[in-house]
Amino acid sequence: MLSRLFAPKVKVSAHCDLPCGVYDPAQARIEAESVKAVQEKMAGNDDPHFQARATVIKEQRAELAKHHVSVLWSDYFKPPHFEKYPELHQLVNDTLKALSAAKASTDPATGQKALDYIAQVDKIFWETKKA
């Protein structure tokens, strides 16, 4: 009798960890936009204290962007996505490498390159949401 009382009433399934709505590449984009904005501000300020604080913030934001891209790759994208988009593994790798480069650089072009890759991931992500 107790087993029936505590037995699930409804079974659910999802292609990701939770029913959709919790993943979004916008999180990575926002962090990467912060990286690029900090890089631009660093170019206009020679104060060593400002540079030190900006470097910490830039590196933290780049790591957060990498985290969000990694979560999409490991938790959201599934085998059917990789079958339909065979370039996705390489694209995610390139995105993560671009974010690492932006983390290590003060050149806003590296931040823009990371944003360009994130935009490609974003495009595929939203195409998979339509399916």
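Guide: The structure, which is a predicted model, holds 5 aromatic pairs, where rings of Phe, Tyr and Trp (its six-membered ring) count as paired if their centres lie within 6.5 Å, and where planes under 30 degrees apart are called stacked, those over 60 edge-to-face and the rest tilted. In one of these pairs, the ring centres of Y23 and Y76 are 5.9 Å apart and the planes stand at 55°, so the pair is tilted. The two residues come from distant parts of the chain, 53 residues apart, with Y23 in the loop between α1 (2–6) and α2 and Y76 in helix α3; helices here are DSSP runs (H or I, at least four residues), and they are numbered from the N terminus.

Y23 has a relative accessible area of 11% and is therefore buried, a word that stands for under 20% relative accessible area, with exposed meaning over 50% and partly exposed in between (1.4 Å probe, protein chains only). Y76 is buried as well, at 1% relative accessibility. The ring of Y76 also pairs with that of F125, their centres being 4.7 Å apart and their planes at 50°, so this pair is tilted too. Because Y76 lies in helix α3 and F125 in helix α6, the pair ties together parts that are 49 residues apart in sequence. F125 is buried, with a relative accessible area of 0%. Ring pairs link Y23, Y76, F77, F82, F125 and W126 into a cluster.

Because the model is predicted, local features need pLDDT of at least 70 and side-chain atom pairs count only at pLDDT 80 or more, whereas totals for chains, interfaces and linings use all residues.

F77, a member of the ring cluster, also belongs to the largest nonpolar core, which has 21 residues and in which L72, F77, L88 and L99 have the most contacts; such a core is a set of buried Ala, Val, Leu, Ile, Met, Phe, Trp, Tyr and Cys residues joined through side-chain atoms within 4.5 Å. Helices α2, α3, α5 and α6 each supply at least two residues of this core, and α6 gives the most, with 6 residues.

Helix α5 has 16 residues and reaches 22 Å from its first C-alpha to its last, close to the 22 Å expected at 1.5 Å a residue, the expected span being 1.5 Å times one less than the number of residues. Its buried residues are L88, L91, V92, T95, A98, L99 and A102, and seen down the helix axis they fall within an arc of 125°, so they line one face of α5; the arc is that of the directions from the axis to the C-beta atoms. These buried residues pack against α2, α3, α4 (79–84) and α6. Leaving aside neighbours within four places in sequence, L99 is in contact (heavy atoms within 4.5 Å) with A32, A62, A65, K66, V69, A114 and I118.

K103 also lies in helix α5, but K103 is partly exposed, with a relative accessible area of 24%. Not counting residues up to four places away in sequence, K103 touches K58, E59, A62 and E63.

Conventions:
Residues numbered from 1 in each chain as written. Heavy atoms only, no water.
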